[in-house]
Amino acid sequence: MEFQFQNRKRMYLILYKLIADFLFLWLLFLTSSFLAESVLPGIISSHFSFTRSFLILFATMTTLFILGNILEIKIEKKSISKKTKFIVIFFSSFLIFNSLFKLNLELNFAILFLSLATIFFLFKVLFAKDKS
Amino acid sequence: MFDLTPQIKLEKKDRVLYFWLRISLYLIALLFFVFILFSIFFPNRRYIFSFETIHSEKNTLPQPYLKDNSEINQKEIKKEGFFFSAIPLGSYSKVKINLKSSKNSSLPSVEIFAKKSYRAFSYPEDKPFGFKNGTLIKNEADYFIISEEKARKFSSPETLKNLGYSPEQFMNVSKEELHYNLSGNDISFQDSYPNSSLLKIEDNFYILENQTLKKFFSREAFLSQYEENQAIVKNPDFLNIFPVSEQPIGFADGTLVSNGISVYIISSGKIFPINNPETFQNKGFLWEDIIPIGEDEMGFYEKTKLFTIYSPHPDGTVFQSQENSQYYLIKENKKHLLPSEKIAQSWLKKSLVKATISDTINCQLKKNGTFRPAYSCEMILASFENLTNSEYQFQLVPADDFQASSLEVIFKKDWNISNLKMSLLDIFNKIILRYGISISK
C-alpha cells in the first residue's frame, strides 16, 4: 500500500514538473503570439483561436494548482526582479501603443501613460506588503 | 538544462524519466511551433456549406446555384447537379473537395468540374449583338442609324441633311460589321425621325422611343451610353412635335457611380452598393470610371442588396477575353459576342473588364469516411497559375439524385520557396500598409 502511494507520488512529482514546463512553453507561445498579433492583427488568430489558448492556459494552471495541493508543494514568494518588471512594462507598453496606432500620437501617449499608471497603482494596492 | 521547479527534487531514476519526457515535450512544442509557422506561410483557405442549414451564417461558401442561376434551397440534389464559386485571394496549388451525404442517403458517383473565370464570363454564350440602338454608322456612301436593333439606311444625303445629321457624326464600319444588325426599312425624305434617334435640346439629351421623347436625367447619364456628337441639336419647339415621357433615362447598365464615400454599380434600374475596395478591384473595375452622382440621381434607382465579391458582374458589363481579345456583353445571364471593336465601342463608354477563362479540370469523388459517408477528391491548380482573377467556378454532377449534407472546399498551397517568398512579401506588405510606411524605389 505504502509502496503504491510512494510510486503515485513520484509520478505526480514528475507530472508536476512537466506541467510547469508546459506552462512555461505555453506562456512563451502566448507572449510571442501577442507580439505578432499586435504587429499584424489576424496573423495568429486566423490559424489558432485565442479562446482555445486561454482555455489551455487555465486548464494547465488549475491542474498545476491541484497537483501542488495534493503534493503539498509550497512555493516561496519571490519579489519580482527589476529586470522582469522592466520586461513586463516594456511588453505592455508595446501592446497598448500598437493597439492604438491609428490614433494621433499625443492621444496614444496619453492613454499609454494613464494605462501604465492604472496598472502601477493596481499592482500597489493588490500586492502591497501589510505593514500593520 | 535549466530547471523551472528546482525546489522539487526527484530520485535518480525518476530524473532520467523526467529528462526524456521533458525532451519529448520540448520536441512536441517545437513541432507545434513549426506547424504554426507553416500555417502562416502556407495557409489553407477552407470554405464550408451545410445543406442542412442553408441560411446559416457559418456557411463560408456562398449558396450553390443551378444552371438558371437560381440558388439551391434544399438538400435534395437532382441529377443535373449544381454550381458553386469560391474566391480565395492569392494563389493556391491544389483544391480538395469533401462532400457528405445525408445519413439516410447514399452518395452516387459524383464528378466535379472546375475552371477559373469570372462567374458572368462563364455564362452560356448566346447570339452575337450588333451595334447599339441609336448608333450612327456609315459604309462607303451609305448612312445608317441603328433603330430597334435594325440598321435603317437614310435613303439619300438630302434625307440625312433634312433630319439634321451631318456625315461627321457617322462611324465608318465594314460590310461584315453592318451585317450583325438586321436591315430595316430605309428612311425616306417624308419619314419622321426613327426610333432611337438621339437629340439635344438646350442642354438636355433625349432619345426617341416609340415616337415618344425620353429625357436622360443628366448629361453624365447620356454620356454613359453615347458620345455627345451622336445627338442632333434641335430647338425647344421640337418638344411640341413629340410627346415627352415622364419616365427619364438613367445611366447605362454596368455604370459605376459614387455618392459620398460609397461606390455603386447600376444595372436594370437597380443600384448595388459595392461592399469594399477588395470587391471593386477583384472584379476588374477601374477607379477612374466612377461617376460622382447626387442624391436626386440616386433616388431614381431602387437600392438593393450589397454587391459582394461573389456577385456576378451585372448586365451591361463588357468583357474582353485575354485569350483571343474578343468582346462580350453580359445580358440576362447570357454572354453575347460583340463581333468587332467598333461594335464593342458602341456599347462601351467606360473601361472594359479583362477576363480569362481557363480549361476545365475535373475529379471523381472517392469514399474516405470511416463512420459517416464522406467523399473527397483533389485537383491540381497548376494550369490556372497565370490567370489573373481569383474566381473559381465549380460544377458538381452526380450520376443520380441524392441528399447532400455538407460541402467543403479547401484550397492548399504547396510547400515551396516561391510560395514562401509570396507569403513573406504579403506579410511585409500588410505590415507596411498597417503602419502607413511608404517605400520609395
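Here are a few exercises on this structure, each with a worked solution.

Before you start, note that this is a predicted model, where local features need pLDDT of at least 70, side-chain atom pairs count only at pLDDT 80 or more, and totals for chains, interfaces and linings use all residues. Residues are numbered from 1 along each chain as its sequence is written, while chains are lettered from A and ligands numbered from 1 in the order in which they are written.

**Exercise 1. Find the strands that pair with β17(B), and say how they run.**

Step 1: Strands (E, at least two residues) and helices (H or I, at least four) are DSSP runs, numbered from the N terminus. Two strands pair if DSSP finds at least two bridges between them.

Step 2: look at β16(B), residues 256-259. Four bridges tie β16(B) to β17(B), and the two run antiparallel. Y264(B) is the bridge partner of V257(B) here. The hairpin has two residues between the strands, and G260(B) takes a positive phi near 65°.

Step 3: Y264(B) has P273(B) as its bridge partner in β18(B). This hairpin also has two residues between its strands, with S268(B) in the turn at a positive phi of about 50°.

Step 4: check how covered β17(B) is. A residue is buried if 20 or more other C-beta atoms lie within 10 Å of its own, exposed if 12 or fewer, and partly exposed in between, with C-beta atoms placed from the backbone. In β17(B), residues 262-267, five of the six residues are buried.

**Exercise 2. Work out which strands stand at the edges of the open five-stranded sheet in chain B.**

Step 1: write down the order, which is β10-β7-β8-β9-β11, with mixed pairing.

Step 2: read off the ends. β10(B) (171-172) and β11(B) (182-183) each have a single partner strand, so one side of each is left without a neighbour in the sheet.

Step 3: β7(B) and β10(B) run parallel, joined by two bridges, and I137(B) has M171(B) as its bridge partner.

**Exercise 3. Pick out the residues that touch the most other members of the largest nonpolar core.**

Step 1: define the core. It's a set of buried Ala, Val, Leu, Ile, Met, Phe, Trp, Tyr and Cys residues joined through C-beta atoms within 7 Å.

Step 2: name them. Out of 33 residues, I137(B), V318(B), F319(B), L329(B), L338(B) and A344(B) touch the most other members. Elements giving two or more residues to this core include β21(B), β22(B) and α7(B).

Step 3: see how two of those elements meet. β21(B) and β22(B) pair antiparallel over three bridges, with F319(B) opposite Y328(B).

**Exercise 4. Describe the side of chain B that touches chain A.**

Step 1: count contacts, meaning residues whose C-beta atoms, placed from the backbone, lie within 7 Å. Here 19 residues of chain B meet 17 of chain A.

Step 2: find the main supplier. α1(B) gives the most to this side of chain B, with 10 residues.

Step 3: sort by class. Ala, Val, Leu, Ile, Met, Phe, Trp, Tyr, Cys and Pro count as nonpolar, Asp, Glu, Lys and Arg as charged, and the others, Gly among them, as polar. This side of chain B has 12 nonpolar, two polar and five charged residues.

Notes: Contact = placed C-beta atoms within 7 Å.
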